[in-house]
Amino acid sequence: MPQPIPDEGWELPTPGTQWNVRDLVQHVAGGHIALVRALHPDMSVDEPAAAGSDDEAADTCRLWASKAHAAVDAPGVLERTARHSSLGEMTGDSLTLIRWGDVCVHAWDADVAGE
């Protein structure tokens, strides 16, 4: 189970980027939103309001991770062609693999930042 980010942890730099942990969490949430939009273009997906606190940013990321899991679980979604805003057209399966790969890389980034 992921540990909560302590208050002082949000400003920590991440390896190999100009991001801090806050930027990283916002990027991951944005990736989840893009996945849901690509897999379900018929759904209305509103951007989350800017988080007023770091806890709200973490909650937003968790919420969209849940929505991304639900989007992937929909029948037939992995077999059909999806159009991602920056990656173009590909199967839902390929897009999902890219998304989870990105999440794994950034989980490592966050873990290393916290060391």
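Helices (H or I, at least four residues) and strands (E, at least two) are taken here as DSSP runs, numbered from the N terminus. The model is a predicted one, in which local features need pLDDT of at least 70 and side-chain atom pairs count only at pLDDT 80 or more, while totals for chains, interfaces and linings use all residues. Residues are numbered from 1 along each chain as its sequence is written, and side-chain values use heavy atoms, with hydrogens and water left out.

On that basis the chain has three helices and two strands, and the elements follow one another from the N terminus in the order α-α-β-β-α. Of its 115 residues, 34% count as buried, where buried means under 20% relative accessible area, exposed over 50%, and partly exposed in between (1.4 Å probe, protein chains only).

The two strands, β1 (residues 81-84) and β2 (residues 88-91), run antiparallel and are joined by four bridges; two strands are said to pair if DSSP finds at least two bridges between them. With three residues between them, β1 and β2 form a hairpin, and within this pairing Arg 83 stands opposite Glu 89 in β2.

Side chains of opposite charge can pair when their charged atoms come close. A search of the whole structure finds three salt bridges, each being a side-chain nitrogen of Lys or Arg within 4 Å of a carboxyl oxygen of Asp or Glu. One of them joins Glu 11 to Arg 22, with the closest N and O atoms 2.4 Å apart; this pair links distant parts of the chain, since Glu 11 belongs to the segment before α1 and Arg 22 to helix α1, 11 residues apart. Glu 11 is partly exposed because its relative accessible area is 49%, and Arg 22, at 22%, also counts as partly exposed.

Another salt bridge, at 2.5 Å from N to O, brings together the side chains of Asp 59 and Arg 62, which both lie in helix α2 (residues 54-73), three residues apart, about one turn of the helix. Here Asp 59, at 43% relative accessibility, counts as partly exposed, whereas Arg 62, at 52%, counts as exposed. In helix α3 (residues 92-113), Arg 99 and Asp 102 are likewise three residues apart, and their side chains meet in a salt bridge of 3.0 Å, N to O; Arg 99 is buried, because its relative accessible area is 8%.

Finally, Asp 7, which lies in the segment before α1 (21-39), counts as exposed because its relative accessibility is 66%.
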